[in-house]
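Me: I've just opened this one and I'd like to know where the labels come from. Can we go through a few?

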Amino acid sequence: MEPILEIIDRQEWLDKAGEAIQPAVLNAFKAGGKTGKQVKNLLHGKWLGHPVHPMITDIPLGAWTTAAVLDAMELCGSKQYKPGADAAVTIGLAGAAGSAITGITDWTGTTAIERKTGLLHAMLNIGATTLYLTSFFLRKKSRSRTTAIGLSMLGYAITAASAYLGGTLVYNKQVGVNHTAIPEGYPEDFVAVLAESKLKEGKMKRVRAKQVDILLARKNNVIYAIAHTCSHMGGPLSEGELLNDCSVRCPWHQSVFSLEDGSVIDGPATEPQPKFDVRVKDGQIEVKLKSGWV
Ligand code: FES
């Protein structure tokens, strides 16, 4: 695994391409104003509570696996599987379109090696989809049937390589994984974390409660506490921006979370931040995990 990521990491051209394409995609969403923002959050999967992209990729992967099996049976002489294979190729193409649009949206929330790997993953998918699209048209002509099946098989091999990179992004680089999944050690009873006098109005602070970091923020003289580690990719929320509407913007990829309930206001994050109850006792700010988070 590691050598492949090392090879990808050495590809400076992927960095340059990413630096050019990523802002262009983000600007396209920004140009859409409020609707663009809603569409972006819809494609990220904010409504679902986790990314949509991995779910949709099952469509082309499943359909094209079916097509490969039926094509192989056709090549072995079972001609009755021909319509099924053609239908599977078509379904896969429709799923590939959905996978591409959700994948590009999620890719806008990546940097460094994740962005390079994501771009390579996308390029392989574009190559595979082009082969399947060509195969789709050639399948209509019986003379070019064997060529069409050959192109599909090549597309399938590329899709498998691309799926491997997609898995690397999730399992090795933790892209799309909730970085605030409840760990052992979130305080379930009130614990003191900071003297109240040390948290000024309009300021945020990173504090430790048991084994976890918590973000404290004071806005309009109300003290809020949510998990400090951004659910998207683990960014440090205390280094972000405290916004006027009682929310915080992550410094890494600009996700915005409500301080009132930890919910995602703007992606790329799709999972909410764990929220803590806050009280002040004997001059100390005390927090405990809000009930319902475990
Ligand atoms: S780490 Fe990506 S938005 Fe916070």
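Me: What do β9 and β10 form, and how many residues are between them?

Reply: Keep in mind that this is a predicted model. β9 and β10 form a hairpin, with two residues between them. In the turn, Asp282 has a positive phi of about 50°.

Me: How do you know that β9 (residues 276-281) and β10 pair?

Reply: Pairing takes at least two bridges. β9 and β10 have six, in the antiparallel sense, so they count as paired.

Me: What makes β1 and β10 a pair?

Reply: The cut-off is again at least two bridges, and β1 (residues 191-195) has four with β10 (residues 284-289), so the two pair, again antiparallel. Val191 stands opposite Val287 there.

Me: Why do β2 and β4 count as edges of their sheet?

Reply: The open sheet runs β2-β3-β4 with antiparallel pairing. β2 (204-209) and β4 (222-227) each have a single partner strand, so one side of each lacks a neighbour in the sheet. From one strand to the next, the twist averages 30°. β2 is joined to β3 (residues 212-219) by six bridges, and Arg208 stands opposite Asp213 in β3.

Me: Which residues in α2 and α6 meet?

Reply: Leu14, Asp15, Ala17, Gly18 and Gln22 in α2 meet Arg115, Lys116, Leu119 and Leu120 in α6. By class, that contact has four nonpolar, two polar and three charged residues.

How values were computed:
Residues numbered from 1 in each chain as written. Predicted model: local features only at pLDDT ≥ 70, side-chain atom pairs only at ≥ 80, totals over all residues. Contact = placed C-beta atoms within 7 Å. Nonpolar A, V, L, I, M, F, W, Y, C, P; charged D, E, K, R; others polar. Axes fitted to C-alpha atoms, helices over the stretch in contact; angles between N-to-C directions.
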